[in-house]
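Subject: Structure handover

Hello,

Here is the structure I said I would pass on. Please look through it first; my notes on what was found follow below.

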Amino acid sequence: MSGPNTQYDPVEVSALDPAAVDANVADALAAIEAATDLDALKAVRLAHAGDRSPLALANREIGALPPSAKAEAGRRVGEARGRVGAALRARQEALEAERDERMLVDERLDMTVVAPRRPLGARHPISTTIERVEDIFTGLGWEVAEGPEVEAEWFNFDALNFGPDHPARAMQDTFFVEPGDAGLVLRTHTSPVQMRAMLTRDLPLFIVCPGKVFRTDDLDATHTPVFHQVEGLAVAEGLTMAHLKGTLDRFAAELFGPHVTTRLRPAFFPFTEPSAEMDFQCPICLGKDPACRVCGGTGWIEWGGCGMVNRNVLSAAGVDPERFTGFAFGMGIERAIMLRHGVPDMFDIVEGDVRFSTQFGMEI
Ligand code: DAH
């Protein structure tokens with residue numbers, strides 16, 4: 001409330017002049033109309049309805065009027081302020097509604113939009129098959145062993161009874177690591193792990209070692225310079241070829257199904273005596289289709305080599321061949337995948353195309 005007006009002639013207070021009040025109202029209404037957002041309207045409210053607005057100032061002048069004029073002026077200013085206040089409220093409501101409308105549009109979420117799809121990867125069947133093989137053998141109480149891919153020539157050949165000029169050394173087309181006299185090769189098979197295991201573990205021992213091996217083969221439908229084997233080695237008292245056959249039969253049955261038929265064929269490896277190749281009956285034609293593409297009509301598919309550990313190998317590892325015997329085997333992983341899943345072409349396995357791997361699902 002303002003105090004008595006001492007500055008103006010109470011009879012001629014220009015701020016209370018009806019024309020001036022109307023002009024203030026008109027200004028206020030125009031400014032309200034022109035406010036296009038809530039911030040602008042806030043400034044308009046301050047200017048035209050705030051404590052220091054012309055109409056508020058005019059209202060203060062009323063107290064100084066003679067009583068006879070007070071009612072008239074009070075009514076006029078009150079009505080004017082009421083009109084401005086109503087216009088402000090209406091505009092406020094309109095602008096808030098507009099803002100809410102805009103927010104609904106701007107912040108709209110279309111729940112039916114198709115999210116961008118990121119194709120999922122897939123585990124390669126080599127990895128899943130290796131894990132399956134590990135599971136099979138750990139289930140039998142065996143352990144999983146490892147060895148280096150860049151291997152000492154001694155472990156890869158000499159320790160396995162390949163003589164310096166043994167033709168078998170040339171049989172395995174070897175990648176030698178430079179410099180040539182370093183005595184290092186990319187392992188041509190997983191068999192060097194046999195010697196490493198015997199040198200580092202206590203007897204009896206039962207180990208499998210899946211891993212990469214390397215040979216200077218060209219890539220074709222059935223060969224690749226990098227492939228995978230799983231090596232097995234058992235050394236204990238009283239092991240015989242029957243244990244070897246039983247183990248491999250179990251292995252084949254777990255991997256290919258209970259009805260798979262296997263056979264051992266005499267063969268030669270410097271580190272086993274006697275040695276054998278293991279074949280299994282073609283799961284596609286069961287030996288009944290002379291034109292079968294998978295087994296070439298022979299009815300049998302070669303899976304890998306095996307045998308009783310050569311006593312020279314046991315001796316080289318410091319194992320007494322009079323007391324202990326051992327059996328060993330080395331099976332191809334790619335070969336197992338080709339057979340287990342009917343993959344006819346090595347290219348599919350090595351190419352790394354996720355469309356190949358996804359077909360095998362998320363086998364763990
Ligand atoms: N290392 C042999 C190869 O790569 C396969 C092999 C044969 C492994 C006989 C063995 C074995 O453990 O006893 O051709």
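A cluster held together by ring pairs contains Phe137, Trp142, Phe206, Phe251, Phe256, Phe280, Trp303, Phe327 and Phe329. Rings of Phe, Tyr and Trp (its six-membered ring) count as a pair if their centres lie within 6.5 Å; planes under 30 degrees apart are called stacked, over 60 edge-to-face, and the rest tilted.

Before going on, note that this is a predicted model, in which local features need pLDDT of at least 70 and side-chain atom pairs count only at pLDDT 80 or more, while totals for chains, interfaces and linings use all residues. Residues are numbered from 1 along each chain as its sequence is written, and side-chain values use heavy atoms, with hydrogens and water left out.

Aromatic pairs

The structure has 16 aromatic pairs. One of them is Trp142 with Phe206, an edge-to-face pair at 5.5 Å centre to centre and 65° between the planes. This pair links distant parts of the chain, 64 residues apart: Trp142 is in the loop between helix 5 (125–139) and strand 1 (143–144), and Phe206 is in strand 4 (residues 205–214). Helices (H or I, at least four residues) and strands (E, at least two) are DSSP runs, numbered from the N terminus.

Trp142 counts as buried because its relative accessibility is 8%, whereas Phe206 is partly exposed at 27%. Here buried means under 20% relative accessible area, exposed over 50%, and partly exposed in between (1.4 Å probe, protein chains only).

Trp154 and Phe155 also form an edge-to-face pair, with 5.1 Å centre to centre and 75° between the planes. Trp154 is partly exposed, with a relative accessible area of 40%, and Phe155 is buried, at 14%.

Glu231

Glu231 lies in strand 5 (residues 226–236). Glu231 is buried but has no salt bridge, and the nearest side chain of opposite charge, Arg215, is 8.4 Å away. A salt bridge is a side-chain nitrogen of Lys or Arg within 4 Å of a carboxyl oxygen of Asp or Glu. For charge, Lys and Arg count as positive and Asp and Glu as negative; His and the chain ends are not counted.

Regards
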